[in-house]
Amino acid sequence: MRVEFTGQGIYLADLDLWLDPREPRPRAWISHAHRDHAGCVHGEVYATAETLAFYRLRHGDALAGSALREVPYGQTWELAGARLAAYPAAHVLGAAQLLVEWRGRRLLYTGDIKLRPPLCGRATEIVQAERLIVESTFGLPIFHFLTREQARERIVAFARQALEDGRRPVLLAHELGRAQEVAHVLCQAGVPVAVHSAAARYLPSYAAAGFPAPGWLEWTGDAPPEAAIIVPPRLRACLALRGLRLRIAYVSGWAALDNARARTGAEELIPYSDHADFEELLELVEAIGPQEVDVVHGYTDAFARILTLRGKLARAPERPRPVGDNG
Ligand SMILES: [Zn+2]
């Protein structure tokens, strides 16, 4: 299988298939709906039902000329003589790994992934493959994240304490994934939430998948005093000049870094992510058991070197790209 790592994405030349391309392409696999993976309109798109729902929400009428192929988890399909199948990846709702079987060899592309079960969504299914393309957003030993049980406890305790102290709890959480998880957890614990519209638009899909946030309100600059506010970090400026007595928490893998307080203005750092932390990444690679590993996204050089020291044939084939806010 010829695999080309280009500035625009990963290209499987034998299948004329692009994996999460960052430019419009004739045929693409979209692993999940985050903007850096699903930000472009393509001719033909393969993805899970939930990813396609988010994709339609984002691109709307621009998809009129696209053929959207819904791929159920675990079912194989044929493409140019290869057998392909999608398997659950714990990340955001709809995230999937892609397995490609070609001439007796198995290639697995994880997309964004974590190994621990998420607060909302499916657990990762381990699929063995000879060749692996894995992400390494948090591929350094400094990154260690909370389990979902620990995260649930921290999120609820933070909100309750802030309310008790007469402060308005604000949780900075990525608009697709963490925001819906935080809303689900707080509503289940009886803390009402007001959610920024950029994140609220995804709540119905999470509810339909069995992770509701009953009673949530859309945050319009005002909300009942007993409600926690959920805002994407990139939109936190909308909190300014409201005259509210706030206490802010940042829920992200990046909250594991000391500079997160200065960067976000958060008093409370809750290191919970929809990506694997360092130990999970090592465990994931071990469980998949590949002979060859290509590391993409994040700390690729360092993580590929760490895998090499552990006896794997590992490479970092892409040029580093700037890291976004979606950890
Ligand atoms: Zn992602």
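Contact here means heavy atoms within 4.5 Å, and buried means under 20% relative accessible area, with exposed over 50% and partly exposed in between (1.4 Å probe, protein chains only). What covers the buried residues of helix 8 includes strand 10 (105-109), strand 11 (131-136), strand 18 (292-298) and helix 9. Helices (H or I, at least four residues) and strands (E, at least two) are DSSP runs, numbered from the N terminus.

This is a predicted model, in which local features need pLDDT of at least 70 and side-chain atom pairs count only at pLDDT 80 or more, while totals for chains, interfaces and linings use all residues. Residues are numbered from 1 along each chain as its sequence is written, and side-chain values use heavy atoms, with hydrogens and water left out.

**Helix 8 and its boundaries**

- The buried residues of helix 8 are Phe278, Glu280, Leu281, Leu282, Leu284, Val285 and Ile288.
- An α-helix has 3.6 residues a turn, so residues three or four places apart point the same way.
- At the start of helix 8, a side-chain oxygen of Asp277 comes to within 3.3 Å of the backbone nitrogen of Glu279. This is judged as a polar contact, a pair of N or O atoms within 3.5 Å; within protein, one must be able to donate a hydrogen and the other to accept it, and residues adjacent in sequence count only if both atoms are side-chain atoms.
- Gly289 follows helix 8 and has a positive phi, near 70 degrees.
- Ser273 lies in the loop between strand 17 (268-270) and helix 8 (278-288). Ser273 counts as buried because its relative accessibility is 2%, and its side chain reaches the backbone nitrogen of His275 at 2.9 Å.

**Val285 within helix 8**

- Val285 belongs to helix 8 and is buried, with a relative accessible area of 0%.
- Leaving aside residues up to four places away in sequence, Val285 touches Leu132, Val134, Pro290, Val293, Phe303, Leu307 and Lys312.
- The C-alpha atoms of Val285 and Gln128 are 9.4 Å apart, although 157 residues separate the two in sequence.

**Helix pairs**

- The axes of helix 8 and helix 9 (residues 300-309) come within 12 Å and cross at roughly 50 degrees. Axes are lines fitted to C-alpha atoms, for helices over the stretch in contact, and angles run from 0 to 180 degrees between N-to-C directions.
- Helix 8 and helix 9 are therefore oblique to each other; angles under 35 degrees count as roughly parallel, over 145 as roughly antiparallel, 65 to 115 as roughly perpendicular and the rest as oblique.
- Phe278, Leu281, Leu282 and Val285 of helix 8 meet Phe303, Ile306 and Leu307 of helix 9.
- Helix 3 (residues 148-164) and helix 4 (residues 178-188) pack at about 65 degrees with their axes 10 Å apart, and are therefore roughly perpendicular.
- Between these two, Arg152, Ile155, Val156 and Ala159 of helix 3 meet Val182, Val185 and Leu186 of helix 4.

**Cysteines**

- The structure holds 0 disulfides, a disulfide being a pair of cysteine sulfur atoms within 2.5 Å.
- The closest cysteine sulfur to that of Cys238 is in Cys187, 18 Å away and too far for a bond.
- Cys238 is partly exposed at 22% relative accessibility, whereas Cys40 is buried at 15%.

**Leu244**

- Leu244 sits in the loop between strand 15 (228-231) and strand 16 (246-251), and is partly exposed at 28% relative accessibility.
- Beyond residues up to four places away in sequence, Leu244 touches Arg168 and Ile229.
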